[in-house]
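Biologist: Could you take a close look at one part of this model with me, and explain slowly how its charged side chains pair up and what surrounds them?

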Amino acid sequence: MQRRQRGVNVGLFLLLSQVFQVGLANIPPVTLATLALNIFLFLKPLKPLLKVCISVDQSYYQKDWQRLVLAPVHHADDWHLYFNMVSLLWKGIKLEHKLGSILFGYIIAVFSVLIGIVYMVLEFALAGLLNDPSYKMNCAVGFSGVLFALKVLNNHHHPGGTSNIMGIRVSSKYACWLELVAIHLCSPGTSFAGHLAGILVGLMYTLGPLKMIIKATAGGFSYFNDSVRQRDYYSGSFNSPANACPRTPTHYLCFT
């Protein structure tokens with residue numbers, strides 16, 4: 001299993017074009033910092049993909065817990081980075097404006113780690129239920145699990161909309177479930193468990209105790225949340241590929 005080959009990163013150029021089209025001044029600070037971190041680590045990865053991807057075997061059995069932090073911010077290739085980051089750009093602008101920068105940043109940090117844990121639980125369960133130990137070897141990278149969780153949050157805070165997924169109009173409340181299936185029909189190599197983990201963590205926040213825990217531990221930052229939320233960030237719209245399947249061939253192997 002090899003890392004992406006270096007060449008002309010068309011996806012990266014398109015991502016930068018989209019960022020400058022929106023305008024740096026119109027992107028809230030945590031969203032912009034998260035974009036910058038993912039782009040930087042794409043250009044200058046800390047380790048090869050096989051050393052950062054998360055799996056039951058490598059993270060749990062081998063006790064390599066740093067993968068919980070490293071996996072979400074590394075990507076398989078430029079198109080993987082492009083679609084994830086443009087989706088983050090759209091969701092981040094809306095949610096950071098709604099929640100405030102400090103709380104939004106805290107949510108991203110908690111979600112990134114927690115989704116990795118839930119992902120391993122799902123893969124471990126699949127290995128046991130199907131009597132197939134290969135699930136414990138599945139290794140995933142990328143920010144898409146966090147994006148699925150953020151989509152659940154966005155639909156919670158902005159209810160009532162509809163999404164068009166592969167020509168099917170569906171309530172935004174249920175769109176993430178249809179996208180979960182649609183993405184894997186279009187790109188079978190992506191991590192179903194990783195995306196499902198994102199949805200489950202999002203539901204733990206909107207319907208379960210996670211929201212109270214996060215807000216309780218972040219309560220000391222309420223002043224900063226209120227002050228940052230007053231900024232009038234970009235509220236327009238632009239085309240987001242969050243609901244579309246990429247037409248460009250990608251080979252993520254077992255990566256998300």
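Modeller: In this predicted model, the structure holds 2 salt bridges. Side chains of opposite charge can pair when their charged atoms come close. One of the salt bridges joins the side chains of Lys 151 and Glu 179, with 3.3 Å from N to O, and this pair links distant parts of the chain, since Lys 151 sits in helix 8 (residues 144–157) and Glu 179 in helix 9, 28 residues apart. Lys 151 counts as buried because its relative accessibility is 3%, which is under the 20% cut-off. Glu 179 is buried as well, with a relative accessible area of 5%.

The other salt bridge is formed by the side chains of Arg 67 and Asp 64, which meet at 2.8 Å, again from N to O. Arg 67 has a relative accessible area of 2% and is therefore buried, while Asp 64, with a relative accessible area of 19%, is also buried; the value for Asp 64 still falls under the 20% limit that the term requires.

Helix 9, which carries Glu 179, spans residues 172–186, and the loop between helix 9 and helix 10 (192–206) contains Ser 191. With 6% relative accessibility, Ser 191 counts as buried, and its side chain reaches the backbone nitrogen of Gly 194 at 2.9 Å.

For a view of the surface, we can turn to helix 1. This helix has 13 residues and reaches 19 Å from its first C-alpha to its last, close to the 18 Å expected at 1.5 Å a residue. Its buried residues are Gly 11, Leu 12, Leu 15, Gln 18, Val 19 and Val 22, and because they cover an arc of only 125° around the axis, they lie on the same side of helix 1. An α-helix has 3.6 residues a turn, so residues three or four places apart point the same way. On the other side of helix 1, Phe 13, Phe 20 and Gln 21 are exposed.

Leu 16 also lies in helix 1, which covers residues 10–22, and at 32% relative accessibility it counts as partly exposed. Together with Phe 13, Phe 20 and Leu 24, Leu 16 forms a nonpolar patch on the surface, and these residues have about 410 Å² of accessible area together.

Note on methods:
Residues numbered from 1 in each chain as written. Predicted model: local features only at pLDDT ≥ 70, side-chain atom pairs only at ≥ 80, totals over all residues. Heavy atoms only, no water. Patch = residues over 30% accessible without salt bridge, like charges linked within 9 Å, V, L, I, M, F, W, Y side chains within 5 Å. Areas by Shrake-Rupley, 256 points an atom, 1.4 Å probe, with all protein chains shown as cover. Salt bridge = Lys/Arg side-chain N within 4 Å of Asp/Glu carboxyl O. Helix = DSSP H or I, 4+ residues; strand = E, 2+ residues; numbered from the N terminus. Buried < 20%, exposed > 50% of the residue type's maximum accessible area, 1.4 Å probe, protein only. Polar contact = N/O pair within 3.5 Å; in protein donor to acceptor, adjacent residues only side chain to side chain. Expected span 1.5 Å × (residues − 1). Arc of directions from axis to C-beta.
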